[in-house]
Structures are given as C-alpha cells and as structure tokens.
Amino acid sequence: MSGRTEKASAGQGNGAEEGQIVAFADLDDTLFQTLRKLPGRDRATLTPATVDTRGAAHSYCTPAQETLLGLLRAAGVTVIPVTGRNPDAMRRVTLPFASWKVLDHGLTILTPAGDLDSEWAAQVRAHLAPLQGTLTALTDDVRAHAAALGCRLTVHRASDVPFMTVIKHPGADAPALAALQARWEAAVGDAHPLHVIANANNVSLLPRALGKAQAVRYLRDTQFPQAALTLGLGDSVSDLPFLRECDFAVTPAQGQVLRALAGVRLPQV
C-alpha cells in the first residue's frame with residue numbers, strides 16, 4: 001500500500017527531524033507482560049504498565065524493560081507502539097506514548113493528537129472490501145468447532161470494517177487452539193489473501209498483505225523520511241515483517257523469535 005509523497009513538517013511527535021531516531025515497538029510480551037509470564041518474580045520489583053477494565057494493574061515491566069524504555073527516553077528516541085491492541089485496549093496502557101500509534105495489527109494508525117489517520121483508513125477500507133466474503137466464510141467454518149472445544153471466537157473491526165477473527169480459550173488449551181489453527185491453515189494455504197498467526201492464547205485470521213509492516217512503512221515514508229535510524233522491537237515471529245522495515249531489530253531473549261531461531265541449523269561454510 002502506498003503512502004503520501006509529501007513530507008510532514010518537523011516537530012516533536014509529528015514528523016521527522018534530521019538525525020532523529022525512531023523506535024517502532026510491539027507492546028505485549030516485548031515491553032511488558034502479565035504476571036502469568038513472570039512466574040516467581042517479586043511484584044515489588046515490577047512496574048505496572050497496563051490496567052484491566054476495572055482499573056487494576058494487569059501487565060508489568062521488568063527492571064530490564066523499564067531500563068530499556070528509560071534509555072530510549074533519555075536519548076530522545078521517538079517510540080511508536082506497533083500493536084494488535086485496539087484503541088480501547090491501548091487506552092489501558094499506562095506507559096507514556098506521545099507520538100503516532102499503530103493499532104489493530106497495523107490496520108489503525110492514530111496521530112499524536114489521537115485522531116484517526118484518514119488517508120490510511122481509506123486505504124485499509126479499500127483493501128478489506130473484497131476480503132469480506134472470504135473472512136466471513138472462514139469464520140463461520142470454525143465457529144461450531146470452536147464452541148465444541150470451549151473456545152471463544154471474536155470478529156475485530158478497523159475503520160468500521162471486519163478485518164480479523166480471533167480464537168481464544170479461557171484455559172489456554174493448547175491442543176484445542178492447535179486443532180483450530182490447523183483447520184484454518186489447511187483452508188488458506190500459502191497464496192490466500194488471508195493468513196493465520198498464533199501467539200500465546202490467540203489464533204488469528206487476518207489479511208496477509210496488510211498489517212504492521214505496511215503501517216510502519218507508511219509512517220516511515222510519510223512522517224519520518226529523514227530519520228537517521230529506525231529500530232524495530234518485537235517478540236513474535238509475526239512481528240518479523242515489520243522488524244524488517246526498520247534498520248535494526250531488538251527482540252527479547254525469551255521471546256518467540258529467538259525460541260524459533262534456536263532450532264535453526266545453518267550449513268557450515
């Protein structure tokens with residue numbers, strides 16, 4: 001998807017200044033995580049990063065994550081969230097993010113003022129329109145199977161258009177989720193306009209050619225064309241496309257990316 005050709009005016013949080021450093025950062029399991037992911041940790045050493053719908057602390061930064069954020073802030077780095085969270089869930093993040101925000105797996109971009117980027121939204125709606133029939137059919141195909149396995153199925157919308165179906169299990173039943181993931185993957189194959197990603201307790205069906213990577217590229221082209229350095233922060237294999245849009249990638253040692261790479265055996269040269 002193309003971006004605008006004009007360059008945004010410089011200003012804090014609004015556009016690129018020459019020499020600026022920009023970090024595009026996944027949030028959950030990269031900059032913070034729930035206590036379930038931190039077994040044995042003393043809560044007193046953790047920094048609250050999100051709240052639940054009742055306003056209670058829900059996710060936390062470790063000292064290392066807090067130090068990383070502090071280093072970025074001290075260096076004047078513009079940090080842009082790149083997350084699957086929707087606007088409501090993003091409002092429950094208590095960490096300070098004052099610049100642009102990439103939400104809904106890339107299908108929503110908010111300006112520093114919190115407004116919807118209307119040009120990106122128009123491109124998203126145009127891309128999603130021909131996918132609606134396929135998304136509905138594949139969602140309906142697993143609906144009964146998901147219910148039989150005790151899973152919850154939710155259709156997510158961006159710019160008022162359905163773009164993703166997510167399956168979760170209240171008890172994080174891995175075999176149940178794997179069975180539904182396999183059913184979707186068998187239906188879409190490698191050349192389908194939709195694809196499947198799986199992270200933790202989520203199995204999601206969403207557009208293949210529109211997501212975090214395209215949103216990051218759009219912001220780089222339209223808002224940060226003069227950035228001296230861009231960093232990508234992410235933990236999941238599904239983050240790799242947007243990490244590759246950046247100059248350098250940073251990933252947690254215990255994240256999905258390095259777990260996957262640990263099994264790779266390169267040929268000896």
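## A parallel pair: S1 and S5

Look for alanine 23, and you'll find it standing opposite valine 79 of S5. Keep in mind that this is a predicted model. The strands here are S1, covering residues 21-25, and S5, and they pair in the parallel sense over four bridges.

Which way do the residues of S5 point? This strand spans residues 78-81, with Thr78 and Ile80 pointing one way and Val79 and Pro81 the other. Either way they end up buried, all of them.

## The four-strand sheet

Further along there's an open sheet of four strands, in the order S8-S9-S11-S10, and the pairing is antiparallel. S8 (152-158) and S10 (194-199) sit at the edges with a single partner strand each, so one side of each has no neighbour in the sheet. On average, neighbouring strands of this sheet are turned by 25° against each other, ignoring direction.

How many bridges hold S8 and S9 as a pair? Seven, in the antiparallel sense, with S9 made up of residues 161-168. One spot to check is alanine 158, whose bridge partner in S9 is valine 161.

## Helices across the sheet

H3 (residues 118-128) lies across S8, S9 and S11 (202-207), and it runs at about 75° to S9.

H5, residues 174-188, lies across S9, S10 and S11. Its direction is at about 160° to S10.

Conventions
Residues numbered from 1 in each chain as written. Predicted model: local features only at pLDDT ≥ 70, side-chain atom pairs only at ≥ 80, totals over all residues. Heavy atoms only, no water. Buried < 20%, exposed > 50% of the residue type's maximum accessible area, 1.4 Å probe, protein only. Helix = DSSP H or I, 4+ residues; strand = E, 2+ residues; numbered from the N terminus. Pairing = 2+ DSSP bridges. Axes fitted to C-alpha atoms, helices over the stretch in contact; angles between N-to-C directions. Contact = heavy atoms within 4.5 Å.
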